[in-house]
Amino acid sequence: MVAAMQGAPGEALEEISRSRGGALYDDGEHQFIWLGLDEVEGGKAVQINQYVVRHGDRAAILDPGGAYTYAMVVANLSRHLSLDRVDTLFFSHQDPDVSSGIGLWLNTTSAKVYISRLWTGFLPHFGGVDPERIVGIPDQGQRLDLGGGAYLEFIPAHFLHSIGNFCVYDSRSRILFSGDIGSSVFAPGAYEVFVDDLAGHLPRMEGFHRRYMTCNRACRAWADRVARLEVRMICPQHGAILRGAAVRQFLDWFRELSCGVDRLEEIYGA
Ligand SMILES: [Fe+2]
Ligand SMILES: [Fe+2]
């Protein structure tokens, strides 16, 4: 199954395969790659997306995941670049679907791990982790220069859902990796790679966001921060990639979302 790409400037023209992924952006020097759909057996674990930003000789994996998907991620990654290019591992937050493979990744790359400073002291509990290779991101975020004017910017996304949480904005492709924000849940076999209009997609997003996100005040702060960026695609850790009109539609919807402690009585069943 493939999904045709749009022909915007700098956008990859290759077709995107569900199982093998492909480049969402490619200008020769710089690529933003989706590593394909991990269809975990029988829906026993949450589906996760992995993305790689390659710039020249270096590469960053965004939310590489745990042991459960490690072999698939390495296999798909090797279609695009060799593991020794990977010098950056970005963890949006501390959850097992993001970070529990840290020992494997540190053993097979020379990369440094970037995660909120709130979580640096917890990662060594996974075992096989050299604390010297973990970099704590300050609450307000930071930029990671890639050279040639390109950079990755760690955008604060705290309390959405983790207390120490970041998204990544890729300045060259103008793609936002949003972590759990913007995630969606599909029925088995109904997965779509891209969503261009949010209206029919909202039922796949609403339940997750209402329960996992902390409160509307946090949603609003994040949406206002992201609205200052030029964003062509929102790439979440779970479910479909948002592009076209869906980007603005999602920011508008998320800004007004009632969730988490806003709905505490309902969650407690009071
Ligand atoms: Fe999470
Ligand atoms: Fe997640």
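How many bridges join E11 to E12, and do the two strands run parallel or antiparallel? Here are some notes to read alongside this predicted model.

1. Let's start with that pair. E11 and E12 run antiparallel, and five bridges join them. One pairing to look for is leucine 152 with its bridge partner in E12, aspartate 170.

2. On to the next neighbour. E12 is also joined to strand E13 (residues 175-179), by three bridges, and these strands too run antiparallel. Here tyrosine 169 has leucine 176 of E13 as its bridge partner. Four residues lie between the strands of this hairpin, in which arginine 174 takes a positive phi near 60°.

3. Now look at the side chains of E12. Phe166, Val168 and Asp170 point one way, while Cys167 and Tyr169 point the other way. Five of the five residues of E12 are buried, so this strand is largely enclosed by the rest of the structure.

4. Next comes the iron ion (ligand 1). Its protein donors are His93 (NE2), Asp95 (OD), His161 (NE2) and Asp180 (OD), at 2.1 to 2.2 Å from the ion. The angles among these four donor atoms run from 87 to 173°, and the site is irregular. Along the chain, the donors follow the spacing H-x1-D-x65-H-x18-D.

5. Where do the two histidines sit? Histidine 93 is in the loop between strand E7 (86-90) and helix H2 (96-99), and histidine 161 is in the loop between strand E11 (150-156) and strand E12 (166-170), so the pair ties together parts 68 residues apart in sequence. Both histidine 93 and histidine 161 are buried.

6. Finally, find aspartate 180. This residue bridges the iron ion (ligand 1) and the iron ion (ligand 2), which are 3.6 Å apart.

Key:
Residues are numbered from 1 along each chain as its sequence is written. Chains are lettered from A and ligands numbered from 1 in the order in which they are written. This is a predicted model: local features need pLDDT of at least 70, side-chain atom pairs count only at pLDDT 80 or more; totals for chains, interfaces and linings use all residues. Side-chain values use heavy atoms; hydrogens and water are left out. Donors are N, O and S atoms within 2.8 Å of the metal (3.2 Å for Na, K and Ca); water is not among the atoms, so sites may look incomplete. Four donors count as tetrahedral if all angles lie between 85 and 135 degrees; four count as square planar and six as octahedral if opposite donors are over 155 degrees apart and all others between 65 and 115; anything else is irregular. Buried means under 20% relative accessible area, exposed over 50%, partly exposed in between (1.4 Å probe, protein chains only). Two strands pair if DSSP finds at least two bridges between them.
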